[in-house]
Amino acid sequence: MKPIFLPEVESHPRPSPTTDLIRAAQSAGTEYPQIWHLFAYRPQATANLGAFTHEIMRGDCPLPAGLRELIAAFTSYGNDCPF
Amino acid sequence: MAHIQLAVGLPGIRGLFAFRPETADPLCELAEILLHGPGTLSPAERELIATYVSAENDCYYCQNAHGAIAACHLDGNDRLVRDVKTDFEHAAISDKLKALLAIAGKVQSGGKNVRPGDVERARRQGATDQEIHDTVLIAAAFCMYNRYVDGLGTWAPPDPASYRERAQKVARDGYLPIPADVQAAQASRSQP
């Protein structure tokens, strides 16, 4: 995988569940989505993004979760973001 | 007139916070961390980044709300806020903030538009990785806030001066707790 723009972000993960995921993927030699580095760098901020995402994707709402994921996938496709 | 039924009298994102408390909490906490919490960029600099991105997204509510907060942090210098929105490269701000605003503008037009040269320029002006990281996250978050506010057609007070009173409170106290009038609207919604 190519390094991200900010080496300090990649090399200074704070203790967080995402940091454990990165370590596990690295020791297994598998590729992983680099958004994990962003989540691990600023867990205090990104925990709120995680809570927000969980609420809109899985929280109480008449739209089924599958349809909500389809909306997210369609928007990401429109934004040219493959991940 | 908003596209959905919102509490009367709560403009912009505040009506949306009242509509959906579960998403309001993390969005307010994120704003607090990014714009008001501890950081090496001043709250004025961070609010200017949020204001500039909101202006580029043509979000009237957000650019006036955060522009007024930025002005509070700048001893009422509305003119500097206006200069940053219209032509930040020639505004009376640091070269570092100009480089960070350039990155924020690239994020606004599309994340992939940020190129290594933009990051290099910010580093040359003394920006740390954390400052570049937070600039990108502020810009990305405000693209979301701006689209949330405009995508639901929320109402915004037309007079920019009317944003000042609330801006003074936010500049002083930050984004938490959720304001009493929003909490009251949340409570009245949740009653059967």
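This is a predicted model: local features need pLDDT of at least 70, side-chain atom pairs count only at pLDDT 80 or more; totals for chains, interfaces and linings use all residues.
## Helices α2 and α3 of chain B

Two packed helices are described by the angle between their axes and the distance between the axes. In chain B, helix α2 (residues 21-36) packs with helix α3 (residues 43-56) at an angle of about 120°, and their axes are 8 Å apart. Angles of 65 to 115 degrees would count as roughly perpendicular and those over 145 as roughly antiparallel; α2(B) and α3(B) are therefore oblique to each other.

On the α2(B) side, the contact is made by L34(B), L35(B) and H36(B), which meet P43(B), R46(B), E47(B) and A50(B) of α3(B). By class, four nonpolar, one polar and two charged residues form this contact of α2(B) with α3(B).

In soluble globular proteins, nonpolar side chains tend to be buried together. The largest nonpolar core of this model has 70 residues, and I49(B) and A104(B) are those with the most contacts inside it. Helix α8 (residues 129-151) of chain B gives the most to this core, namely ten residues.

Not counting residues up to four places away in sequence, A104(B) touches I49(B), Y52(B), V53(B), T135(B), I138(B) and A139(B).

## Contact between the chains

In the contact between the two chains, 15 residues of chain B meet 16 residues of chain A. On the side of chain B that touches chain A, the elements giving two or more residues are α2, α7 (116-124) and α8 of chain B. The largest share of that side, eight residues, comes from α2(B). By class, this side of chain B has nine nonpolar, two polar and four charged residues.

## Helix α4 of chain A

Helix α4 (residues 43-58) of chain A has as its buried residues A45(A), T46(A), N48(A), L49(A) and F52(A). These residues cover an arc of only 145° around the axis, and so they lie on the same side of α4(A). They pack against α3 (35-41) of chain A together with α2 and α8 of chain B. The face of α4(A) turned away from the buried side carries the exposed residues Q44(A), H54(A) and R58(A).

## Residue I4 of chain A

I4(A) is located in the segment before α1 (7-11) of chain A. With 14 other C-beta atoms within 10 Å, I4(A) is partly exposed, since a buried residue would need 20 or more and an exposed one 12 or fewer.

Leaving aside neighbours within four places in sequence, I4(A) is in contact with V9(A), E10(A), Q34(A) and H37(A). I4(A) and Q26(A), 22 residues apart in sequence, are 15 Å apart in space, C-alpha to C-alpha.

Notes: Residues are numbered from 1 along each chain as its sequence is written. Chains are lettered from A and ligands numbered from 1 in the order in which they are written. Axes are lines fitted to C-alpha atoms, for helices over the stretch in contact, and angles run from 0 to 180 degrees between N-to-C directions. Helices (H or I, at least four residues) and strands (E, at least two) are DSSP runs, numbered from the N terminus. Angles under 35 degrees count as roughly parallel, over 145 as roughly antiparallel, 65 to 115 as roughly perpendicular and the rest as oblique. Two residues are in contact if their C-beta atoms, placed from the backbone, lie within 7 Å. Ala, Val, Leu, Ile, Met, Phe, Trp, Tyr, Cys and Pro count as nonpolar, Asp, Glu, Lys and Arg as charged, and the others, Gly among them, as polar. A nonpolar core is a set of buried Ala, Val, Leu, Ile, Met, Phe, Trp, Tyr and Cys residues joined through C-beta atoms within 7 Å. The arc is that of the directions from the helix axis to the C-beta atoms.
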